[in-house]
Amino acid sequence: MNAFPVRSSFSWMAASTIAATLLFMSRAHPQCQPTNVPSFTKSTFTEPTPEAMARFGYALAVGNVDGTSGDEIVVGIPNATTLDGRVNRGQVVVLAMDYTLKYTIDPPGGAGDPGNGAMFGAVLHVADLNSSSPAEISVGAPFADTSTASDAGSVYVYKWNVTMIDLHATLTHLNPSAADEFGDAITSGAFKNTGSQLELFIGVPYDDFSGLSNAGSVTVAVDVMGSANPVREEILAGTPRSPDYFGQGLAVGSFGILNEPAPHLAVGAYYSNLGTGAFALGKFEVKRWDGSVWKHLAEQDEPVSQKEGYTYFGYALAAGDFDGDGIDDLGVGAPHVGVCPFHPSGCDPGVFYVFRGGSTFPDVGQLKTFVSPEPVNPDSPGDRLGWSITTADVNGDGKKDFVVGSPFHYVNSSGGQKIIEAGRAFIVFGKVWNCGNTILSLQEDSPAADFYFGWSTARAAGTYDDVFAGTPEADLSLLLLAAGRAVKVDFQ
Ligand SMILES: [Ca+2]
Ligand SMILES: [Ca+2]
Ligand SMILES: [Ca+2]
Ligand SMILES: [Ca+2]
């Protein structure tokens with residue numbers, strides 16, 4: 001995980017009422033009906049008792065996690081003071097859909113205590129891991145200290161237990177060492193399907209082994225809910241190298257690779273040089289469980305930016321059927337494409353790619369490339385499109401839409417000034433593959449510099465899925481700097 005950027009100055013811009021803008025990129029094609037862009041309302045919510053510098057909204061997830069039938073909103077506050085008064089330890093809150101507080105989850109004490117500065121809640125994953133409603137909450141604390149190693153990282157799995165949300169398991173790396181950051185990414189999938197139990201996949205991008213510093217790995221926790229101490233396995237890159245940071249981006253999908261039964265696991269390695277000697281090209285790899293080993297199927301490096309390096313290709317991944325052909329497609333963020341000072345149109349605007357699922361996946365001949373539809377601001381230190389990615393079907397047409405965060409993007413103030421690093425999120429609407437895609441640009445109603453809207457994104461299922469985006473450095477008042485907030489975009 002990258003350290004949170006230090007803000008250079010504090011500023012508070014007047015509230016802007018700029019509406020979200022629609023941008024169309026169209027090409028003639030007989031199947032290309034106009035995209036239905038539904039109407040939506042935005043509402044903003046905060047921690048019920050906000051705390052300065054706590055960074056509410058750094059991570060978001062939505063799902064039914066308790067005994068009531070509806071969904072809850074799960075929000076990470078990785079720099080929160082916990083109930084025992086310890087500062088900067090991290091916390092997770094579970095909110096009802098009306099934003100009232102339902103539960104507060106503090107990191108555990110005792111043997112599983114992650115220590116201060118653990119960033120408990122920096123990463124969240126909500127999924128029903130045991131095919132028994134409700135869903136479980138997995139909380140990453142990538143800077144947790146284990147008994148033997150500082151900042152090795154831990155993941156805590158919580159389950160609903162009649163009246164409360166209880167800690168079920170504390171997971172660490174099989175061989176924790178300092179600064180591994182176990183828990184920088186978390187996802188799940190049914191690869192072994194032992195009793196309908198999902199496996200939990202945990203990225204360890206700064207794992208060191210065999211003399212390879214920061215090669216990275218993925219830990220698989222098998223039958224997570226069947227035991228408080230689940231079996232753990234390790235997935236390595238096809239050819240582990242230093243420093244690949246393998247394991248930062250994770251996505252599970254069924255990508256249609258020829259002769260390779262689904263599901264498939266895509267793993268990002270955003271710093272990989274692929275052994276070329278070039279600097280940090282970035283790649284993703286594709287794996288599956290073949291009954292005895294986690295088999296390496298394919299890999300793909302950053303495809304189109306003249307191999308400029310330092311693109312962070314693979315930093316974020318998400319899977320879904322974008323074009324509606326029944327096969328999952330892979331969205332890949334490369335938020336640092338456009339390296340200073342070589343890039344003519346500004347630094348680090350970022351690029352978002354969609355690789356089409358199919359027999360030849362991943363295939364640069366079946367690739368869509370999206371840049372920000374807003375002009376890049378040459379004064380900006382970088383928009384970083386592709387920093388966060390979530391799939392959702394916000395217009396209910398059966399094609400997954402990608403919600404792509406660009407948290408360092410400027411927005412325009414009502415006076416026409418560019419508000420640096422206020423943040424935007426873009427929704428790229430799914431469409432038949434050869435059709436042009438529609439992009440919806442979202443921003444906060446009251447954007448301000450260095451707030452980072454779009455740092456995190458999440459989806460709530462519905463007839464039209466709703467979208468959530470976090471603004472973790474939002475100041476709520478002069479006394480509540482960087483308390484953070486989040487926005488729900490309710491599509492109708
Ligand atoms: Ca519920
Ligand atoms: Ca469950
Ligand atoms: Ca598809
Ligand atoms: Ca859609």
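Is Ala179 buried, exposed or partly exposed, and how many other C-beta atoms lie within 10 Å? Ala179 is partly exposed, because 16 other C-beta atoms lie within 10 Å. A residue counts as buried if 20 or more other C-beta atoms, placed from the backbone, lie within 10 Å of its own, as exposed if 12 or fewer do, and as partly exposed in between.

## Basis of the description

This is a predicted model, in which local features need pLDDT of at least 70 and side-chain atom pairs count only at pLDDT 80 or more, while totals for chains, interfaces and linings use all residues. Residues are numbered from 1 along each chain as its sequence is written, and chains are lettered from A and ligands numbered from 1 in the order in which they are written.

## Overall architecture

The protein contains 31 strands and 0 helices; these are DSSP runs numbered from the N terminus, with helices being H or I of at least four residues and strands E of at least two. Its C-alpha trace spans about 55 × 55 × 45 Å along the principal axes.

## The interior

Of the 492 residues, 55% are buried. The largest nonpolar core has 136 residues, and those with the most contacts inside it are Val74, Val139, Ile202, Leu317 and Phe468. Such a core is a set of buried Ala, Val, Leu, Ile, Met, Phe, Trp, Tyr and Cys residues joined through C-beta atoms within 7 Å. In soluble globular proteins, nonpolar side chains tend to be buried together.

Leaving aside neighbours within four places in sequence, Leu317 is in contact with residues including Leu250, Phe284, Val332 and Ile389. A contact requires C-beta atoms, placed from the backbone, within 7 Å.

## Backbone features in loops

Most residues other than glycine have a negative phi, and most peptide bonds are trans. Ala179, in the loop between β10 (164-171) and β11 (185-189), has a positive phi near 60°. Arg384 also has a positive phi, about 65°, and lies in the loop between β22 and β23 (388-392). Arg384 is buried, with 31 other C-beta atoms within 10 Å.

A cis peptide bond joins Ser133 and Pro134, with omega about 5°; Pro134 lies in the loop between β7 (123-127) and β8 (136-141). The bond from Phe361 to Pro362 is likewise cis, with omega near -10°.

Notes:
Two residues are in contact if their C-beta atoms, placed from the backbone, lie within 7 Å.
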